[in-house]
Amino acid sequence: MSDIDPIWWIVLGLVVLAALLAWFFIARRKKQEEARTEASHLRERAQDGETYVAGAEDRARELREKAQDAEQRAQRLQAEADEATRVAREHRDRVTDDYLRADDIDPDARH
């Protein structure tokens with residue numbers, strides 16, 4: 001081993017170091033390309049999902065509007081039902097009053 005000149009050891013070390021650096025940069029570039037490819041696929045998938053999301057949002061908006069319309073209609077119907085109940089009670093009171101007055105007037109009615 002002593003017959004190898006130290007300069008060759010330095011050259012050999014530099015060659016090994018250059019090979020390691022080349023391997024490192026090639027591996028790094030490969031990882032970056034894989035990451036770019038994966039990111040591209042994710043972006044494509046997200047873009048495809050945009051159409052679905054837009055449709056789902058439109059559907060939700062339509063349903064919300066229908067629900068609001070139904071709620072307003074229900075409130076109107078509730079008001080109509082309350083008014084019909086009030087009118088029915090008034091008529092029921094009058095009918096009851098007529099029965100009571102009839103009983104007061106009728107000599108055959110038991111008091």
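Q: Is Arg-86 buried, partly exposed or exposed?
A: In this predicted model, Arg-86 counts as partly exposed, because its relative accessibility is 38%. The band for partly exposed runs between under 20% for buried and over 50% for exposed.

Q: What does the side chain of Arg-86 meet in a salt bridge?
A: One partner is Glu-83, with 2.4 Å from N to O. Another is Glu-90, and there the N to O distance is 2.3 Å.

Q: Why can side chains like that pair up?
A: Side chains of opposite charge can pair when their charged atoms come close.

Q: Where do Glu-83 and Arg-86 lie?
A: Both are in helix α1, three residues apart, which is about one turn of the helix.

Q: How exposed are Glu-83, at one end of my list, and the others?
A: Glu-83 is partly exposed because its relative accessibility is 38%. Glu-90 is partly exposed too, at 33%. Arg-94 has a relative accessible area of 45%, so it is partly exposed.

Q: How many salt bridges does the structure hold?
A: Six.

Q: Changing topic. How many helices and strands are in the chain?
A: There is one helix, and there are zero strands. The helix is α1, residues 6-105.

Q: What does the C-alpha trace span along its principal axes?
A: About 150 × 30 × 15 Å.

Q: What is the radius of gyration of the chain?
A: The chain has 46 Å, whereas a compact globule of 111 residues would have a value near 13 Å.

Q: How much of the chain counts as buried?
A: Of its 111 residues, 1% count as buried.

Q: What about the accessible surface of the chain?
A: The total is about 10,800 Å², and carbon and sulfur atoms account for 58% of that.

Q: Which residues make the nonpolar surface patch?
A: Ile-4, Ile-7, Trp-8, Trp-9, Val-11, Leu-12, Val-15, Val-16 and Leu-20 make a patch of about 880 Å².

Q: Take Trp-8. Is it buried or exposed?
A: Trp-8 is exposed, because its relative accessible area is 56% and the cut-off for exposed is over 50%. Trp-8 has its place in helix α1.

Q: And Trp-23, buried or exposed?
A: Trp-23 is exposed, with a relative accessible area of 59%. It lies in helix α1.

Q: How far apart are Trp-23 and Trp-9?
A: They are 14 residues apart in sequence. In space, their C-alpha atoms are 21 Å apart.

Q: Back to charges. How many positive and negative ones does the chain have?
A: There are 19 positive and 25 negative charges. The mean positions of the two sets are 5 Å apart.

Q: Which residues gather in a patch of negative charge?
A: Asp-103, Asp-104, Asp-106 and Asp-108 gather in such a patch on the surface.

Q: Where is Asp-103 found, then?
A: Asp-103 is in helix α1, which covers residues 6-105.

Q: Is Asp-103 buried, partly exposed or exposed?
A: Asp-103 counts as partly exposed, because its relative accessibility is 39%. A residue in a patch needs over 30% relative accessible area, so Asp-103 passes that cut-off.

Methods. Residues numbered from 1 in each chain as written. Predicted model: local features only at pLDDT ≥ 70, side-chain atom pairs only at ≥ 80, totals over all residues. Heavy atoms only, no water. Patch = residues over 30% accessible without salt bridge, like charges linked within 9 Å, V, L, I, M, F, W, Y side chains within 5 Å. Areas by Shrake-Rupley, 256 points an atom, 1.4 Å probe, with all protein chains shown as cover. Salt bridge = Lys/Arg side-chain N within 4 Å of Asp/Glu carboxyl O. Lys, Arg positive; Asp, Glu negative; His and termini not counted. Charge placed at Lys NZ, Arg CZ, Asp CG, Glu CD. Helix = DSSP H or I, 4+ residues; strand = E, 2+ residues; numbered from the N terminus. Buried < 20%, exposed > 50% of the residue type's maximum accessible area, 1.4 Å probe, protein only. Rg over C-alpha atoms; globule rule 2.2 N^0.38 Å.
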